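Work through the exercises below with the model open. Try each task before reading its solution.

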Amino acid sequence: MQPCPRTDDVWLYWMVRRNSRFEIHSGTQRGLVNWLGSQKVSLWSRNRIANDTQISAMVKAYGLP
């Protein structure tokens, strides 16, 4: 939680790579569903800038993936 509390995908990627593993796409495809007004406050819009900060924190904590 400490290095990247809002970007679980970044944390998961780092942990997978640290353990010399690769993620595999499950092959499923799902359509996007956006509910009216749901993107006014979205994780994506918040993380667009915060990702860089949290990736830097992961590098500092664990090194490059």
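**Exercise 1. Gln54**

Is Gln54 buried or exposed? Then place Gln54 in the chain and list what Gln54 touches.

Solution. Start with the source. This is a predicted model, where local features need pLDDT of at least 70, side-chain atom pairs count only at pLDDT 80 or more, and totals for chains, interfaces and linings use all residues. Residues are numbered from 1 along each chain as its sequence is written, and side-chain values use heavy atoms, with hydrogens and water left out.

Step 1. Gln54 has a relative accessible area of 5%, so Gln54 is buried. Buried means under 20% relative accessible area, exposed over 50%, and partly exposed in between (1.4 Å probe, protein chains only).

Step 2. Gln54 sits in helix 2. Helices (H or I, at least four residues) and strands (E, at least two) are DSSP runs, numbered from the N terminus.

Step 3. Leaving out residues up to four places away in sequence, Gln54 touches Pro3, Cys4, Pro5, Arg6, Thr7 and Asn47. Contact means heavy atoms within 4.5 Å.

**Exercise 2. Cys4 and the core**

Where is Cys4 found, and which residues make up the largest nonpolar core?

Solution.

Step 1. Cys4 belongs to the segment before helix 1. Cys4 counts as buried because its relative accessibility is 6%.

Step 2. Beyond residues up to four places away in sequence, Cys4 touches Trp11, Gln54 and Met58. Cys4 and Asn51 are 47 residues apart along the chain, with C-alpha atoms separated by 8.4 Å.

Step 3. Cys4, Val10, Trp14, Met15 and Met58 are the five residues of the largest nonpolar core. Such a core is a set of buried Ala, Val, Leu, Ile, Met, Phe, Trp, Tyr and Cys residues joined through side-chain atoms within 4.5 Å. Helix 1 gives the most to this core, with three residues.

**Exercise 3. Helix 1 and its cover**

Which residues of helix 1 are buried, and what does their cover include?

Solution.

Step 1. Val10, Trp14, Met15 and Val16 are buried in helix 1.

Step 2. Helix 2 is among what covers the buried residues of helix 1.

Step 3. Take Val10 as an example. Val10 touches Asn51, Ile55 and Met58, residues up to four places away in sequence not being counted.

**Exercise 4. The loop**

Where does Ser20 lie, and is Arg30 buried or exposed?

Solution.

Step 1. Ser20 lies in the loop between helix 1 (8-18) and helix 2 (43-62). Just after helix 1, Ser20 takes a positive phi of about 55°. Ser20 is exposed, at 58% relative accessibility.

Step 2. Arg30 is in the loop between helix 1 and helix 2. At 73% relative accessibility, Arg30 is exposed.

Step 3. Arg30 and Lys60 are 30 residues apart in sequence; C-alpha to C-alpha, they are 35 Å apart in space.

**Exercise 5. The whole chain**

How many helices and strands does the chain have, and why is the chain more spread out than a compact globule?

Solution.

Step 1. Count two helices and zero strands.

Step 2. The radius of gyration is 14 Å, well over the 11 Å that the globule rule gives for 65 residues, so the chain is more spread out than a compact globule. The radius is taken over C-alpha atoms, and the rule is 2.2 Å times the number of residues to the power 0.38.

Step 3. Along the principal axes, the C-alpha atoms fill a box of roughly 40 × 30 × 15 Å. Buried residues make up 18% of the 65 residues.
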